[in-house]
Structure formats: C-alpha cells, structure tokens
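Please work through each task before reading its solution.

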Amino acid sequence: MTDIIFYAAGANPEVWLNAFRPALPDATIRVWQEGDHAPADYALVWKPPAAMLRERSGLKAIFNLGAGVDAILQLGDALPAGVPVVRLDDAGMGIQMAEFVTHAVLRYFRRLDAYALQNQAQHWRFLKPFNKPDFSIGVLGLGVLGTRIIDALRHFDFPLHGWSRSPKDLPGVTCHAGPDGLDSFLRASRVLVTILPLTSETENMLNRDHLAKLPRGAYVINVARGAHLVDADLLALIQEEHIAGATLDVFREEPLPAAHPFWQEPRISITPHISALTLRDDSARQIAVKIKALQAGQAISGLVDPLRGY
Ligand code: OXD
C-alpha cells in the first residue's frame with residue numbers, strides 16, 4: 001500500500017483528493033494536519049508548512065502542485081535530505097500562460113490599453129499604430145513555459161528575443177544567455193515578459209538598473225513572481241514615461257494590499273495570480289504516472305535541482 005500526504009495552502013482538499021483518488025486507486029491519501037508524523041511515501045504539496053516535512057523519514061518524493069517551486073525550496077533545512085522535489089511538467093499551464101501573455105502583448109501592440117483609457121473619458125481619437133519591426137518581444141526565462149509563450153507569439157511575426165541562464169537555441173528567436181547577455185536582451189525588448197523561476201539570483205532582477213535599459217515606451221508583463229520586481233522602481237519609470245505600462249499577475253504580497261500604489265496607476269493592469277491555474281485532473285494524472293514510474297524504479301522528468309533553485 002502506498003501512503004500519501006496532501007497539503008495545499010488555500011485550496012479545498014476534498015476537491016483535490018477527488019481528483020487524485022481515481023488516478024491512484026491503490027494509494028491511501030490523507031490530508032496532512034499539524035501533529036501528523038505517521039509514515040508516508042509521497043507528499044503532494046502547495047506552499048507546505050515546514051512542520052509537514054521536517055524530520056520526516058521514509059518519503060520517496062515531494063510533488064509540487066504549482067508551477068514555481070520557490071515556496072518549497074524556501075523551507076531549506078526543513079526539507080528531508082535527499083528526497084527529490086518534483087515539479088509539474090506543464091500540466092496545462094503552458095497554454096494558459098501563452099493565452100494570457102499573447103493577450104497582453106496584442107493589447108499593447110494594438111493600443112487597446114490606451115483606447116480603453118480614452119473610452120473612459122469619451123474621447124474618439126485615432127492613435128498612431130506601432131510599427132511591428134520595432135515591437136520586439138523579449139521573454140525572460142526559456143523553460144517549458146517561456147518556450148510555450150514564444151511558440152504562441154511566433155504566429156504574429158514580432159521580432160522575438162529570449163534570455164536564459166545557460167545558452168539556448170530556438171528557431172526564429174534571438175537568444176541571449178547569462179549575465180553577459182542580459183544587457184543586449186533588455187535593450188532589444190520593447191515588451192519584456194518575465195517567466196523566470198524565483199531564486200536568489202533572480203529576486204529583484206527587475207530593478208531600476210535593468211528596467212531602465214528597456215527601450216523608451218516599453219511594456220512589462222510579469223507572470224512569474226512578484227519578488228522579481230522592485231515595485232517602486234517600476235512605478236517611478238512609468239511616472240517618468242520610460243515605461244508605458246505593465247501587466248502584473250503576481251505580487252510580493254498577495255492579495256495585493258488595498259493601499260498599494262499599483263492600484264492607483266491606470267497604466268498598470270492587475271490580475272490576481274490567474275495567468276495559469278493548476279489543472280487538478282491533468283496534474284493528478286501526471287503525478288500518478290510519475291509515482292507509478294518511481295515505484296517501478298524508473299526515471300521521471302521534472303526533478304528540481306535545489307542548488308539551481310528550479
Ligand atoms: C505558481 C502557480 O507557481 O500558480 O505560481 O502554479
């Protein structure tokens with residue numbers, strides 16, 4: 001018998017368990033509660049408390065129920081040594097990210113953000129369209145999700161740039177890599193899309209120094225983590241009209257506090273961390289396949305490298 005413990009911050013556990021039970025009919029899945037130190041083979045988690053995993057022996061793997069693994073890795077020493085952390089391989093999130101980012105890019109390119117502001121003021125005024133060859137899109141982060149976003153954007157013939165930590169080669173994309181490639185990437189990106197994992201290296205990466213390198217009139221789309229962005233620096237650059245607008249789906253503090261100045265800036269579009277939702281059935285099916293593979297001693301994909309941070 002396989003024993004599984006489940007914890008997902010802010011979620012209704014029953015709905016999740018209903019997705020996992022048919023996918024893993026031979027397993028016993030229980031919702032982890034404070035004080036539960038009984039043995040378990042696998043943990044299924046989203047933003048778990050340290051007490052769930054600290055000093056737990058016998059775990060064979062920890063499965064993350066979202067795209068980013070930063071909340072698990074932040075547990076540091078509370079993570080049982082040597083137990084693999086496994087991320088979802090897309091599981092339906094890539095296409096959602098691609099929809100969200102494509103919408104934001106086209107909204108800016110076709111100036112629908114500016115027309116929406118004109119609507120509110122009842123202004124009927126033609127705005128000069130942007131020139132496509134000048135409207136390059138830069139995707140910061142070329143993992144599974146970043147690549148899916150690029151694939152969707154390809155259909156619209158924008159010049160495409162990508163940045164990753166180590167060199168990548170994607171057809172039709174000017175790829176930049178590593179610290180040395182960041183400058184040329186930022187200077188080329190009229191629209192900056194951030195889909196990086198949050199690590200100590202990427203935290204605060206969207207600061208004044210870097211954002212000021214974007215061309216004047218740039219747009220910023222952040223679908224990764226709020227902690228990549230230095231909020232005050234973005235606001236200042238928007239107020240100085242260096243940055244024309246931002247679409248933010250993630251924030252340092254979520255929900256975004258009512259007093260946060262982003263709410264008062266009409267050039268910032270805010271959504272409540274919905275760019276890609278974890279699809280329960282797809283995730284349960286994918287995790288079940290991986291658990292069966294591990295039981296059979298086979299290799300699985302999606303293993304997180306704790307040193308790299310993703
Ligand atoms: C995330 C998610 O990692 O929502 O942000 O899956």
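**Exercise 1.** Determine which elements the buried residues of α4 pack against.

*Solution.* In this predicted model, local features need pLDDT of at least 70, side-chain atom pairs count only at pLDDT 80 or more, and totals for chains, interfaces and linings use all residues. Residues are numbered from 1 along each chain as its sequence is written, and side-chain values use heavy atoms, with hydrogens and water left out.

Step 1. Helices (H or I, at least four residues) and strands (E, at least two) are DSSP runs numbered from the N terminus.

Step 2. Twelve of the 17 residues of α4 are buried (under 20% relative accessible area, 1.4 Å probe, protein chains only); among them are Met93, Phe100, Val101 and Phe109.

Step 3. With contact meaning heavy atoms within 4.5 Å, the buried residues pack against α5, β6 (137-140), α6 (144-153), β9 (191-194), β10 (218-222) and β11.

**Exercise 2.** Identify the element that gives the most to the lining of the second largest pocket.

*Solution.* α4 (93-109), α5 (112-120), β11 (243-248) and β12 (268-270) each supply at least two lining residues. The element giving the most is α5, with six residues.

Methods. Buried < 20%, exposed > 50% of the residue type's maximum accessible area, 1.4 Å probe, protein only.
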